[in-house]
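Visitor: Please walk me through this model with questions and answers, starting from the terms.

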Amino acid sequence: MRIKGLRVLVVSSGALAAAGCGAVAVAPVEGGVGADPLIRAFSARLDDLDRQAAGGDTTALLALSIIKAEGLRGVSVDAAAAAELKRKATARAAPITITQYIPGINGAPGRTALLNLPGDGQVRRMISETEACVSILKTRQGGDLTLLDALMDEPDGFEKYESAQAEAQQACGGAERLGVLSELWDESKPWGDRPLPSCDDDDQRCRVLAQKVARLNARDPAQEARAAAARGDFRLGSFNHIGPMPTGWSLPGVNCLRWNREQIGKWHVNQDVIMPGDGEHTAASVAFIAAYNRALAGDSAFPFADVCAEGLVKPEANYAGPVRNWGQAVRSGDTARLTEVPVGQDINGRDILGLTPLEWAMSRNDEAMAVALLDAGADPDPEPSEDVEASPPLALALSRNKADLARRLIAAGASMKGAPGVCRYGPYDGPPDPRLNNGCSWAGLLIKAGAFDLLEHQASAEGGLDAIDGSGELSAAFLQAATARDEATVERLLPHAGRQVGGREGVLDALFEARPDLVARYVLARGGGAARSAAEEGVWRAAAEGGRTEALAFLWDYGADLNLLSVDALRGCAESARAGDVEALLGCVSAAGERRLQLQAAIRGGDEPTFERLTADAADLRERGKATQLAVAVDKGATSMVRRLLDRGADPVPPYIPHRDKAAYDGPLKLAADAAMAANDYGSTRKSDPSLLVRAAERGDAVMLRALSDAGARHAAALASSIANFGNPPPGLRDSSFERGASIDNEGLPNRAVDRNFEAFRLLVAEAARVEGPQSLEQAFASGVYSGYNDGLQVLLDNGLDLSKAKQPERIWSNLTSLGTPCKPSTARLLLASGLTRSYAANAYTHWPPIHAFAVSCADARVAEILVREGGMDVNEINTLGQTAVDVAEAYGRQANLEALKRLGGRPASEVAPAADQARKQTRREEEDLDLVQGEVL
């Protein structure tokens with residue numbers, strides 16, 4: 001560098017003697033992740049770190065020194081090499097000597113001067129902070145829970161834990177960074193020396209887990225991984241947490257772009273109830289699996305280096321091995337290698353990771369490969385696999401704005417069926433903003449990709465645009481374009497925009513605010529459907545044809561009752577709208593509002609003649625998106641009135657259409673319009689019970705209920721379950737979750753929801769049985785069992801529900817015995833007396849027979865005697881895992897249930913069928929890694 005015109009050489013003072021007047025290059029500290037030596041120690045490839053450190057990269061030097069000093073990531077400990085790397089990194093922080101050359105004057109010899117400058121403060125600070133955090137990480141064996149367990153035995157243990165946490169977070173840059181680094185450190189440090197649990201002498205289960213941890217400590221996961229790779233077994237190990245808040249399965253120690261259950265060879269599954277020894281065993285098991293996975297993924301024979309890599313390291317860009325199938329050829333990224341695929345391989349077959357070749361190409365965003373596969377005959381629309389979450393190729397093409405590839409896929413036969421699946425969010429994430437085009441629907445994807453030609457083609461296809469725009473993204477995109485004055489997009493979308501944007505926000509409202517110049521054109525396209533009746537829509541169209549935006553705004557605000565006018569009167573209103581005569585339209589609105597008042601008065605007063613006259617004169621009673629005359633009649637009128645309205649086409653389940661809820665006019669117009677709107681004050685149908693079926697049932701009118709059902713109102717069974725409060729715990733419930741050793745008597749709890757209309761429930765159940773069949777009541781019955789509402793259950797049975805034909809008996813038994821349910825003996829007797837099957841095949845929902853489900857979760861131990869003595873269940877039945885009910889009750893610490901089972905003759909599987917138990921255990925020893933299994937099996 002140059003200072004005041006002088007040539008200056010920069011060297012570290014430590015290197016000056018050896019280098020003379022030369023310079024030692026010191027790489028600058030990089031920004032971002034590269035400037036974090038600890039994160040870089042886990043996220044960079046080791047060969048990359050070697051190369052970068054050799055080039056003088058300061059953070060690479062520090063990262064590599066930590067790895068070698070601690071033996072991280074399978075690297076052998078090399079204290080001397082670590083010290084040298086740290087010395088080189090520290091040189092940047094040492095004082096810097098500047099050799100300043102000063103030329104001589106008039107031929108005199110030049111001379112040099114040495115200037116000493118302070119070292120790089122940023123590097124010194126980085127080194128200091130890194131060393132402080134490393135010292136913390138080295139002391140945190142097993143993570144936070146193990147530290148907490150250790151301190152809990154001391155006085156003020158929790159306070160000490162909180163203090164230690166605060167110090168650790170401060171040293172390591174905050175709670176989030178500490179958490180990430182703790183996990184990475186624990187998974188990457190040299191194997192062994194995992195802490196053993198401290199067990200009471202009589203806690204056999206804990207003692208067994210301690211033996212398992214000790215055996216894991218003595219094993220070499222890296223060596224086992226290399227041996228597995230040598231025999232061609234590349235299955236990874238997985239951890240699954242099944243506690244109260246399941247997190248699904250994960251692959252410790254490695255970062256995989258995708259993997260599936262079939263390619264998992266080692267499992268550790270947490271129990272859903274934490275008992276002594278579980279924490280230490282889980283920490284050891286997960287760390288063992290991480291070390292195993294890391295070594296396997298790093299083995300030269302591992303055929304998925306482009307899919308998985310250790311820790312935070314990114315997988316390789318491409319597959320480099322021999323091509324044995326289409327998937328490997330695609331993963332190579334080289335279309336020329338498609339010719340290497342052996343003859344006879346299925347171009348549409350799924351590989352061991354569950355993807356078709358085309359799905360691989362699309363997941364890798366490899367358009368050239370995708371086109372080559374299509375040319376070779378690949379199916380553009382592969383049937384989805386239940387085991388693999390993969391969006392259809394067409395959805396991926398559109399989501400990446402590859403419109404030409406999308407057209408190519410469609411030409412080859414791809415279709416926009418089902419959900420695109422490109423928008424996924426977890427249980428704690430909010431859904432996408434419904435006011436925007438998030439590209440979650442097919443329509444939204446087409447618009448984002450600029451494929452308007454495909455959108456227009458779909459508009460004329462079967463199902464139209466509604467088939468691909470379930471979330472209203474087309475209208476959202478239209479509004480976005482209109483607001484942004486993107487006229488080209490507006491022109492393409494205007495003919496197709498619907499009446500609402502996602503949820504319940506209306507397009508017309510937004511246009512009145514942002515683009516009133518588009519209102520008339522929108523109404524003449526699809527926007528007229530936002531009117532609250534077909535009759536009203538006709539008046540809207542007349543105003544739009546005349547270009548009368550002010551008249552349209554007036555009708556949108558106040559024209560909800562125009563359908564009650566006669567056909568002749570409505571025709572006159574349409575002409576006024578076409579001319580923009582708002583004063584005349586005010587007269588139409590007032591007359592319509594007066595008719596509404598008269599009609600509702602007739603309904604409430606039982607005035608049949610007036611009701612007949614007004615309904616006969618009304619132009620249209622197919623009302624929608626507002627409180628309808630049908631809703632008033634169901635709430636206050638006679639059954640004959642309800643039938644009359646239904647005969648005139650009134651919809652018992654009208655679609656919701658948003659409408660403006662504000663007055664836009666001042667002066668006399670506002671006062672008159674407000675008077676008309678006051679007539680429209682019935683309000684919506686009951687917001688808490690949105691179905692008219694519920695209101696008819698609450699009135700106790702079975703005939704009205706039937707008329708509504710016959711007109712198309714549905715879901716009586718679900719509504720019955722809702723108004724009976726099925727599926728919710730009854731008031732006063734004592735939950736056995738925290739009283740595991742006791743038997744709780746919940747028999748005195750109510751047998752029905754005391755604050756609900758039970759007679760309305762009866763009517764809805766009867767209607768559901770009539771329309772949907774008695775077996776449609778099964779789901780409601782299962783929910784009622786959960787609540788222990790025996791009275792409601794009996795009503796369902798009295799209406800023909802045959803439990804011997806139940807499609808999912810396992811769910812009903814589970815709802816009887818689950819944690820947080822009453823688990824009443826009387827409910828158990830009801831199930832048995834009603835013929836609910838006592839046996840069912842193990843399935844994806846449960847592998848537990850009823851007696852085992854009881855053993856794990858039931859609050860009342862007396863239920864065991866009912867199931868065994870009255871129900872004839874085998875107390876020693878062995879489940880698919882080879883356990884008896886005694887085994888599972890003991891595993892889950894259900895002491896009261898265990899004692900009840902033993903009184904009934906219950907025994908463990910080792911006594912009931914010792915030979916089979918031994919054979920099963922031997923099979924498990926051969927097929928499973930029992931040191932990773934959280935249980936008493938050795």
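Guide: Buried means under 20% relative accessible area, exposed means over 50%, and partly exposed lies in between, with a 1.4 Å probe and protein chains only. This is a predicted model, in which local features need pLDDT of at least 70, side-chain atom pairs count only at pLDDT 80 or more, and totals for chains, interfaces and linings use all residues. Residues are numbered from 1 along each chain as its sequence is written, and side-chain values use heavy atoms, with hydrogens and water left out.

Visitor: What share of the residues of the protein count as buried?
Guide: Helices (H or I, at least four residues) and strands (E, at least two) are DSSP runs, numbered from the N terminus. The protein has 45 helices and eleven strands. Of its 938 residues, the share that counts as buried is 49%.

Visitor: Among contacts between residues at least 6 apart in sequence, what share join residues at least 24 apart?
Guide: A contact means heavy atoms within 4.5 Å. For contacts in the protein between residues at least 6 apart in sequence, the share joining residues at least 24 apart is 70%.

Visitor: Is arginine 73 buried or exposed?
Guide: Arginine 73 is in the loop between helix 4 (58-70) and helix 5 (79-91). Its phi is near 55°, a positive value in a residue other than glycine. Because its relative accessibility is 6%, arginine 73 counts as buried.

Visitor: What is the relative accessible area of asparagine 365?
Guide: Asparagine 365 is not a glycine, yet has a positive phi of about 60°. Its place is in the loop between helix 14 (357-363) and helix 15 (367-375). Asparagine 365 is partly exposed, and its relative accessible area is 41%.

Visitor: How many residues apart in sequence are the parts that the pair of tryptophan 249 and tryptophan 267 ties together?
Guide: Rings of Phe, Tyr and Trp (its six-membered ring) pair if their centres lie within 6.5 Å; planes under 30 degrees apart count as stacked, over 60 as edge-to-face and the rest as tilted. The whole structure holds 13 aromatic pairs, and one of them, tryptophan 249 with tryptophan 267, is edge-to-face at 6.4 Å centre to centre and 70° between the planes. Tryptophan 249 lies in strand 6 (residues 248-250) and tryptophan 267 in strand 8 (residues 264-270), so the parts tied together are apart in sequence by 18 residues.

Visitor: Which helix holds both phenylalanine 554 and tyrosine 558?
Guide: Phenylalanine 554 and tyrosine 558 form an edge-to-face aromatic pair, 5.2 Å centre to centre with 65° between the planes. Phenylalanine 554 is buried at 0% relative accessibility, and tyrosine 558 is buried with a relative accessible area of 4%. The two are separated by about one helical turn because they are four residues apart in helix 25 (residues 549-558).

Visitor: Over the ring of which residue does the charged end of arginine 752 sit?
Guide: A charge sits over a ring if NZ of Lys or CZ of Arg is within 6 Å of the ring centre and within 35 degrees of the ring normal. The charged end of arginine 752 is 3.8 Å from the centre of the ring it sits over, that of phenylalanine 758.

Visitor: In which sense do strand 5 and strand 6 pair?
Guide: Two strands pair if DSSP finds at least two bridges between them. Strand 5 (residues 236-241) is largely enclosed by the rest of the structure, because five of its six residues are buried. Strand 5 pairs with strand 8 in the parallel sense over six bridges. Phenylalanine 239 stands opposite serine 250 in strand 6, and strand 5 and strand 6 pair over three bridges in the sense called antiparallel.
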